[in-house]
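Subject: The structure you asked for

Hi,

Keep the viewer open while you read, and click on things as they come up.

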Amino acid sequence: MSFDPTALTQLAKLSSLNLAPATLSQLSDDMSSIFGLIDALQAVDTTGIAPLSHPLDTIADMTLNCREDVAVATDPVSALANAPETENGLFLVPRVIE
Amino acid sequence: MSEAYPTIASLAERIRTKQISATELAEDGLRRVADNAALNAFFPVSRDLTLAEAKAADVRIAAGETSPLLGIPIAHKDIFVTCGWPTTAGSKMLEGYISPFDATVVEKLKAAGVVSLGKLNCDEFAMGSSNENSAFGAVKNPWDRSRIPGGSSGGSAAAVAAGIVPATTGTDTGGSLRQPAAMCGITAIKPTYGRVSRYGMVAFASSLDQAGSMAHTAQDCALLLDAMAGSDERDSTSLNSEKANASIWRAFSANIASKHPLNKGFENLRIGVPKEWMTYAGDLEGTRTDGIHMDVAVAIHHALDVFTNHGATLVDIPLPRTALSIPAYYVIASAEASSNLSRFDGVRYGHRAAEYTDLNSMIFNSRTEGFGHEVKRRILTGAYVLSHGYFDAYYLQAQRVRRLIAEDFQAAFEHCDLIMGPVAPTTAWKIGEKSKNPTAMYLEDIFTLGVSLAGLPGMSIPCGFGLNNMPVGLQIIGNYFDEAKMLADAHRFQQLTDWHQQHPGVKS
């Protein structure tokens with residue numbers, strides 16, 4: 001697997017990242033070598049093997065430990081305290097509708 | 001005024017007998033943080049916050065309370081959010097972030113009476129094996145400051161090894177508690193996945209992340225982990241069963257009382273030794289030709305001799321898919337990271353770029369400036385393996401291999417009680433030595449990743465020294481919920497050896 005700059009640029013777009021030309025070539029080398037490792041998975045015969053997403057699913061059927069779905073109030077002051085910009089108790093972002 | 005490398009047990013005794021107060025211990029701890037500033041293990045302390053916690057502990061002590069952690073100074077990996085101290089997760093993205101709530105681990109330990117000295121440096125979003133990925137500089141290994149402390153809980157391991165605090169919290173996604181513990185010559189345990197709540201732990205890979213404890217001794221690790229563990233309705237992956245909620249400390253104490261180490265303390269203990277680990281010569285894509293290094297292998301064999309000399313038997317077990325744990329882990333962890341880190345958009349919290357033209361460029365610029373190189377690499381890797389056309393071939397295939405790896409461990413546990421082997425193929429390397437080559441660094445995690453993929457509990461205990469007088473860690477792996485047994489056998493080992501009592505600068 002090799003990552004040409006075009007493929008990498010598309011991937012960066014999906015990830016909401018800008019890649020400067022200098023990082024692009026470095027990353028394309030890095031990613032190619034990482035996928036050199038990862039491609040070892042392709043040789044494994046996994047016919048009939050179910051994917052394991054929760055590690056303890058091998059020993060028991062795992063059900064998520066969910067609390068009752070009751071709304072809990074959030075203090076608006078602390079919820080907004082870390083926001084880069086706020087206005088009238090709301091998160092402020094650049095204008096999206098002209 | 002006090003011992004250079006105190007344990008929780010020794011400090012608790014001095015508190016109990018009124019030789020020292022929590023406030024005096026906190027003052028002493030803050031001095032130790034300042035004296036060891038060159039290690040870069042701690043983020044800026046807050047004297048007022050620490051002393052307020054110490055004062056509260058002293059009030060409880062004066063009222064006659066005798067909980068074993070009351071007044072004990074510790075510190076948290078900066079991946080746990082805290083109301084008072086800023087939480088960065090080692091990233092510029094979260095610089096200055098102050099959480100409106102405490103992580104469950106922090107809350108539980110506070111309730112147990114510990115006094116926090118502050119937050120510990122770590123790899124950015126816990127992604128790394130050397131602590132060099134921290135946006136705030138690498139932590140230095142107290143045994144040799146030109147070397148890495150391991151990662152990602154590098155600050156947590158260095159702080160204990162240097163005697164700044166007797167114990168710390170850390171997290172382990174692919175070895176991040178065990179590997180730095182091994183490289184700094186201390187003891188650490190990562191429990192069964194789900195035993196400790198992840199609520200308030202900055203998320204990296206949610207199906208792998210698990211918090212644990214670090215200290216000089218297995219006994220101290222047991223004490224701290226016991227206070228951290230337990231079901232939490234705020235984390236849907238925290239387990240809620242009789243087994244998962246059983247007291248680790250009570251089971252540990254009962255196990256210790258049942259057998260004395262000198263009196264054939266390991267009789268009936270069958271130790272599985274994966275032959276792939278002791279002879280491993282992985283050469284994935286020609287990036288490495290050696291396996292476990294000779295100095296590490298010698299220390300591991302000597303440690304196994306201690307067990308067999310006191311009654312244990314060794315069993316050869318196969319873990320044939322050990323090498324595959326690397327690609328499976330990097331696919332799953334990167335996929336989960338790319339999903340988890342999509343929350344950082346510069347809107348509600350975290351870094352916002354100063355320059356942008358519209359909403360999209362604000363998000364793009366904020367993420368580009370806020371994330372470091374390794375984090376971007378993993379986000380891109382994750383985005384790729386989750387993208388249309390590759391999801392099945394990479395992501396689901398990695399999860400199928402994950403099941404095979406977990407089943408290999410279950411098959412091994414049919415023939416043994418605990419599995420033991422190295423934590424890492426080498427001792428701590430020089431800062432900068434491997435940071436240019438991401439895959440060389442990934443290969444260092446070969447012996448710890450499988451345990452994380454399977455969600456099993458794993459420990460590292462000091463078992464000797466390798467080349468350049470750097471510590472070696474013995475990995476102990478138990479089956480699900482066997483933490484108390486692992487800790488008890490590690491404790492017996494520590495009654496028979498003094499590796500855990502050797503410290504940087506005072507090695508005998």
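Let's begin where the two chains meet: 64 residues of chain B are in contact with 43 residues of chain A. On chain B's side of that meeting, H12, H13 (359–370), H14 (373–386), H15 (391–412), H16 (438–443) and H17 (449–454) each supply at least two residues. H15(B) gives the largest share, 13 residues. By type, the side of chain B that touches chain A splits into 34 nonpolar, 18 polar and 12 charged residues. Please bear in mind that this is a predicted model.

Now chain A by itself. It has 3 helices and 2 strands, and along the sequence they come in the pattern α-α-α-β-β. Is chain A compact or spread out? Its radius of gyration is 23 Å, well over the 13 Å that the globule rule gives for 98 residues, so chain A is more spread out than a compact globule. Its C-alpha atoms fill a box of roughly 55 × 50 × 25 Å along the principal axes. As for burial, 20% of the 98 residues of chain A count as buried.

Over to chain B, which is divided into domain 1 (8–256) and domain 2 (325–396). The C-alpha centres of these two domains of chain B are 28 Å apart. Where they touch, 20 residues of domain 1 are in contact with 17 residues of domain 2. The domain 1 side of that contact is made up of 10 nonpolar, 7 polar and 3 charged residues.

Next, the inside. The largest nonpolar core has 179 residues, and those that touch the most other members are B:Ala159, B:Met214, B:Cys221, B:Ala328, B:Val331 and B:Leu487. Helix H12 (residues 325–340) of chain B puts in the largest share of this core, 9 residues. Domain 1 and domain 2 of chain B each give the core at least three residues.

Which residues of helix H9 (residues 248–258) of chain B are buried? They are B:Ile248, B:Phe252 and B:Ile256. Looking down the axis of H9(B), you'll find the buried residues within an arc of 65°, so they line one face of the helix. The face turned away from that buried side carries the exposed residues B:Arg250, B:Ala254, B:Ala257 and B:Ser258. Among the elements covering the buried residues of H9(B) are helix H7 (218–228) and helix H18 (483–496) of chain B.

The other one is helix H4 (residues 104–112) of chain B, whose buried residues are B:Thr104, B:Val105, B:Val106 and B:Leu109. Those residues pack against strands S1 (73–77), S3 (167–172) and S5 (210–215), and against H7, in chain B.

Last, two loop residues to look up. B:Pro191 sits in the loop between strand S4 (187–190) and S5 of chain B. Is B:Pro191 buried or exposed? There are 30 C-beta neighbours inside 10 Å of B:Pro191, so it counts as buried; the cut-off for that is 20 or more. B:Pro191 and B:Ser213 are 22 residues apart in sequence, with 9.0 Å between their C-alpha atoms. Beyond four places away in sequence, B:Pro191 touches residues including B:Val196, B:Gln210, B:Leu225, B:Pro457 and B:Glu483.

B:Ala138 is in the loop between strand S2 (115–120) and helix H5 (154–161) of chain B. With 23 C-beta neighbours inside 10 Å, B:Ala138 counts as buried too. The C-alpha atoms of B:Ala138 and B:Cys122 are separated by 8.2 Å, with the two residues 16 apart along the chain. Setting aside neighbours within four places in sequence, B:Ala138 is in contact with B:Asn40, B:Asn131, B:Glu132, B:Ile148 and B:Ile431.

Cheers

Definitions and conventions. Residues numbered from 1 in each chain as written. Chains lettered and ligands numbered in written order. Predicted model: local features only at pLDDT ≥ 70, side-chain atom pairs only at ≥ 80, totals over all residues. Core = buried A, V, L, I, M, F, W, Y, C linked by C-beta atoms within 7 Å. Buried ≥ 20, exposed ≤ 12 C-beta atoms within 10 Å, placed from the backbone. Helix = DSSP H or I, 4+ residues; strand = E, 2+ residues; numbered from the N terminus. Domains from an automatic or database assignment. Arc of directions from axis to C-beta. Contact = placed C-beta atoms within 7 Å. Nonpolar A, V, L, I, M, F, W, Y, C, P; charged D, E, K, R; others polar. Rg over C-alpha atoms; globule rule 2.2 N^0.38 Å.
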